[in-house]
Amino acid sequence: MRPASGAELGEILRQSGAQAVHLAGQNSKAHWGNQRDSVGITISTAALNRILNYEVADLVVTVEVGVKWVDLRSVLAAQGQFWAVQPLYPDQATVGGIMATADAGAWRQRYGGVRDGVLGIRWVRPDGAQTKAGGQVVKNVAGYDLMKLLTGSWGTLGCITQATLRLYPLPPVTRSFLIQGEDLEQWRQGLLDSALQPTAWDVLSAPLVAQLGYPAQMGLWLELRGTAVAVAEQVARLPQVLTGAAVQELDPATGEQLTRHLSLPGTQPQLLLKIGVLPTRTVALVTYLQQIAPHAWVQMHSGVGLGWAVLTPLPADVEALVTKIRQFVYPEGFVSVVCGPAIPNRWDVRGNSLALMRRVKDQLDPQHRFNPGRWLWD
């Protein structure tokens, strides 16, 4: 079903009784998570594709969740602005899918995650009631910050229909660099200790670097964005921080190129891992992954310790490989199998967090109607 408004979506939910509800946008991430069965109804947000309000002077836009990221980017760029996310599957990803999976990309180094850029939402509860939270300014939250709760919930708590997003001025200059050599960890730490303000600062595995057309050697990708004067000043300081490094300037669009390389078609058998580790261990992690999975494409955001690993074709023993990586990143890190064969503890949720999330799920979706089986819930 393709409702064209929140009210129509609410009526569908009321009339569908206790049936399971599967949510979809452009299906760019349909192969993510546990593969759902066909029982119940599927609601597509593709018809919820309008830009409802754009306050250029306030750097705020309100959109329906079926709006494609690439279309929104074009509208914002015409006004010299942008939404600070770089999602996978950029040509098909929608605002709703990006929010559901919290797919921020490399810019979270400078601008934070998806949750940090959502100022307000409207969503429909399992009983069909429309609800809203937040507003159109940064300081708008009184009580529970429900925007952050629903963002990253994989559509299991309700169906978001609208979102108000925080925007930024589009930087006039972007310069991108590949840093290679034997002292990556030293240079990574040096960048952290310096006065530089990178928008992206990622550790890349050798096979992923090779996809960019450069020597297949692990490297640091550094992106600097801002005014011409500010970027030039930062570039001038690089030799002081990167003593002994081989520094190659890349295409300014390298960030999007990396995203497209990692966005393998869902029809190809693949293993997609979302990995979290202490930022100080990102170089060591990519080094280890190259030893146990030499063909893996890995991009780790070294300032925050999050990133992706893509393996195709599938390794012979997925569970054994994931277990090795988890042993390496524990106790602080995690490894979740976003796409690939089902294995025990696919989502790597430990401690008391699962019990807390179940209580939230029971409160907001008592009948467990939304996206059953797709994420953590039965």
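A salt bridge is a side-chain nitrogen of Lys or Arg within 4 Å of a carboxyl oxygen of Asp or Glu. By this rule, the structure shown above, which is a predicted model, contains eleven salt bridges. Side chains of opposite charge can pair when their charged atoms come close.

In helix H1, which spans residues 6-15, Glu-11 and Arg-14 are three residues apart, about one turn of the helix. Their side chains meet in a salt bridge, with 3.1 Å from N to O. Glu-11 has a relative accessibility of 34% and therefore counts as partly exposed; Arg-14 is partly exposed as well, with a relative accessible area of 44%. In helix H8 (residues 228-241), Arg-237 and Glu-233 are four residues apart, again about one turn of the helix, and the closest N and O atoms of their salt bridge are 3.1 Å apart.

The salt bridge between Lys-361 and Asp-365 has its closest N and O atoms 2.7 Å apart. Is Lys-361 buried or exposed? Lys-361 has a relative accessible area of 1%, and because buried means under 20%, Lys-361 is buried. Asp-365, at 0% relative accessibility, also counts as buried. Elsewhere, salt bridges that share partners join Arg-73, Asp-91, Glu-256 and Arg-260 into one network.

Attention now turns to a sheet. Five strands form this open sheet in the order S3-S4-S8-S6-S7, with antiparallel pairing. Strand S3 (51-55) and strand S7 (130-134) are the edge strands, each pairing on one side only. From one strand to the next, the twist averages 10 degrees. Four bridges join S3 to strand S4 (residues 60-64), and Tyr-54 stands opposite Val-61 in S4. Helix H1 packs on the sheet, where it touches S6, S7 and S8. Helix H2 (residues 69-77) lies across S3, S4 and S8, running at about 30 degrees to S3.

Finally, Val-310 is found in strand S16 (residues 306-311). With a relative accessible area of 2%, Val-310 is buried. Its contacts beyond four places in sequence include Leu-262, Gln-270 and Trp-297.

Key: Residues are numbered from 1 along each chain as its sequence is written. This is a predicted model: local features need pLDDT of at least 70, side-chain atom pairs count only at pLDDT 80 or more; totals for chains, interfaces and linings use all residues. Side-chain values use heavy atoms; hydrogens and water are left out. Helices (H or I, at least four residues) and strands (E, at least two) are DSSP runs, numbered from the N terminus. Buried means under 20% relative accessible area, exposed over 50%, partly exposed in between (1.4 Å probe, protein chains only). Contact means heavy atoms within 4.5 Å. Two strands pair if DSSP finds at least two bridges between them. Axes are lines fitted to C-alpha atoms, for helices over the stretch in contact, and angles run from 0 to 180 degrees between N-to-C directions.
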